[in-house]
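Student: Could you help me learn to read a protein model, one feature at a time?
Tutor: Gladly, let us look at it together.

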Amino acid sequence: MDLGAMLAGKRVLVTGASSGLGENFARLAAGCGAKVVIAARRKARLDALADELGRLGSPQVTVVEMDVASEASIADAFAAIDASGDLLDVVVNNAGIGTAGEALTVSTKDFDAVMTTNVRGAFLVALRAARRWKEAGRGGSIVNIASIQGERVKHRVTPYSISKAAVVHMTKSLALEWAEHGIRVNAIEPGYIGTEMTDGMWETEQGKALIQRIPMRRLGKPEELNGLLLLMATDAGAWMTGACVPIDGGHLCSTL
Ligand SMILES: NC(=O)c1ccc[n+]([C@@H]2O[C@H](COP(=O)([O-])OP(=O)(O)OC[C@H]3O[C@@H](n4cnc5c(N)ncnc54)[C@H](OP(=O)(O)O)[C@@H]3O)[C@@H](O)[C@H]2O)c1
């Protein structure tokens, strides 16, 4: 079964496509021959990525500015997506931010920012896509990018962990509600992967110690999520919904 070929011709929205995992998913989808819509706030980065993908032979890349923390921006982005092509087939709800610091010192502003981006943003994007699919009488696939921190907690990232646990529960709850409409909702729970979000962390003593607690003793690479993304996104996973799957070098089953 060629999972990449199953994505060819599908229209795929990737949020947070301007860097890290989202950029990787956009490259994957474009390489499979999908019509990719790349969304984020940093438009210059999206334009550069679209240019590069075009040069590599993927002319069907649409750039859309979208701030998932703003409902108006999400509405504008979906209007632009509607105007620029067919209905979406797949939504990769990847945009996210982190927080650092002890719970006792976290500001309300930072707490709100992580919830508004990681939870409300993913929810509103999922809703916009699902309403269109329901109106059209057809299904679609949503892949949420959660985290192993949606399953287990870690020191000094409480708002982020809360937000990712919410994404895990959102995935299951929406899968339950939307199964009757043929809309599948699944989540990838990545372990630690070197991206801008975690930049600077891996050279510190704390970062090195963290890597030693991963059973495979290394960080993941963005492309190591690709097989799971394709399974969830395509009909290869046609009977898969509400699944939240860790992919983490064994980190979640590390010894207590
Ligand atoms: N790296 C890891 O170890 C790891 C592990 C588990 C889960 N994750 C999750 O994977 C996802 C991607 O993270 P990453 O590691 O690739 O980090 P990253 O390189 O910092 O990328 C984050 C992406 O989210 C976008 N974003 C942030 N706020 C946004 C907003 N308000 N509206 C629209 N886009 C927004 C950013 O684009 P703009 O700034 O251009 O808007 C950027 O493209 C996140 O949900 C993260 O929680 C990462």
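**Reading the model step by step**

Tutor: Let us begin with a contact between side chains: Lys-35 and Asp-86 form a salt bridge, 3.2 Å from N to O. The term stands for a side-chain nitrogen of Lys or Arg within 4 Å of a carboxyl oxygen of Asp or Glu. Lys-35 belongs to strand E2 and Asp-86 to the loop between helix H4 (71–83) and E4, so this pair ties together parts that are 51 residues apart in sequence.

Student: How many salt bridges does the count come to?
Tutor: By that rule there are 10 salt bridges. Keep in mind that this is a predicted model, where local features need pLDDT of at least 70 and side-chain atom pairs count only at pLDDT 80 or more, while totals for chains, interfaces and linings use all residues. Residues are numbered from 1 along each chain as its sequence is written, and side-chain values use heavy atoms, with hydrogens and water left out.

Student: What is the order of the strands in the open sheet?
Tutor: First the general idea: strands of a sheet pair through backbone hydrogen bonds, either parallel or antiparallel. Helices (H or I, at least four residues) and strands (E, at least two) are DSSP runs, numbered from the N terminus, and two strands pair if DSSP finds at least two bridges between them. Here 7 strands make an open sheet in the order E3-E2-E1-E4-E5-E6-E7, with parallel pairing. Strand E3 (61–65) and strand E7 (244–247) are at the edges with a single partner strand each, so one side of each has no neighbour in the sheet. From one strand to the next, the twist averages 20°. Angles run from 0 to 180 degrees between N-to-C directions, and axes are lines fitted to C-alpha atoms, for helices over the stretch in contact.

Student: Which residue in E4 is the bridge partner of Val-12?
Tutor: That partner is Val-90. Strands E1 (residues 11–15) and E4 (residues 90–93) pair in the parallel sense over 3 bridges.

Student: Which strands does helix H5 lie across?
Tutor: Contact means heavy atoms within 4.5 Å. Helix H5 (residues 108–136) lies across E1, E4, strand E5 (140–145) and strand E6 (183–190), and runs at about 175° to E4. Helix H8 (residues 226–233) also packs on the sheet, where it touches E4, E5, E6 and E7, at about 170° to the direction of E6.

Student: How much space lies in the largest pocket?
Tutor: On a 1 Å grid over the protein atoms alone, a pocket is an open set of points with protein on both sides within 12 Å along at least five of seven lines, whereas a cavity is a set where a 1.4 Å probe fits but cannot get out; lining residues have an atom within 4 Å of a point. Grid points are joined across faces, edges and corners, and a volume is the space filled by probe spheres set on the points. The largest pocket holds about 1100 Å³. Its lining has 46 residues, and the closest to its centre are Gly-96, Ile-97, Gly-98, Thr-195 and Met-197. H2 gives the most to this lining, with 3 residues.

Student: Which residues line the largest cavity?
Tutor: They are Asn-93, Ala-95, Asn-118, Ala-122, Ile-145, Lys-164 and Val-167. The space in this cavity is about 40 Å³.
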